[in-house]
Amino acid sequence: MAWQIIARVKAAHKTIGQTAWTRGAAMRPGSIDTAATALQVLVVDDSQAQRTHVRSALEQAGLTVVGEAEDGAQALTQAAAHHPDVVLMDLRMPRMDGIQ
């Protein structure tokens, strides 16, 4: 599942004149072009185990995890502090979910 998420992030990050991914590279750890800027990701999930698993997969793929949060309220604070390129968020969480 983490590789599917990474593939979607890869597709979404193609911007004008810059991409953090090597064009045509296979989806594998270390396939990122180190000369380009890595995507900055905020991971939001109420499960610490899930956040750890997702963080590990993203970092192995060459992405930079700039923060973690356990609910939507913490995510807003982290996003304001770190200005991530992508927020990977669970939809069902206590206090404030991923939709509110």
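Reader: How far does the backbone nitrogen of A73 lie from a polar atom of the side chain of D71?

Author: Happy to start there. This is a predicted model, where local features need pLDDT of at least 70, side-chain atom pairs count only at pLDDT 80 or more, and totals for chains, interfaces and linings use all residues. Residues are numbered from 1 along each chain as its sequence is written, and side-chain values use heavy atoms, without hydrogens or water. From that side-chain polar atom of D71 to the backbone nitrogen of A73, the separation is 3.1 Å.

Reader: Which other backbone nitrogen lies 2.8 Å from a polar atom of the D71 side chain?

Author: D71 sits in the loop between β2 and α3 (72-82); helices (H or I, at least four residues) and strands (E, at least two) are DSSP runs, numbered from the N terminus. The nitrogen at 2.8 Å from the D71 side chain belongs to Q74.

Reader: Is D71 buried or exposed?

Author: Buried means under 20% relative accessible area, exposed over 50%, and partly exposed in between (1.4 Å probe, protein chains only). With a relative accessible area of 3%, D71 is therefore buried.

Reader: And H83, is that buried or exposed?

Author: H83 follows α3 and has a positive phi near 50 degrees. Its place is the loop between α3 and β3 (86-89). Because its relative accessibility is 58%, H83 counts as exposed.

Reader: Which residue in β2 is the bridge partner of V41?

Author: Strands β1 (residues 40-44) and β2 (residues 64-69) pair in the parallel sense over five bridges; pairing takes at least two DSSP bridges. Within β2, the partner of V41 is V65.

Note on methods:
A polar contact is a pair of N or O atoms within 3.5 Å; within protein, one must be able to donate a hydrogen and the other to accept it, and residues adjacent in sequence count only if both atoms are side-chain atoms.
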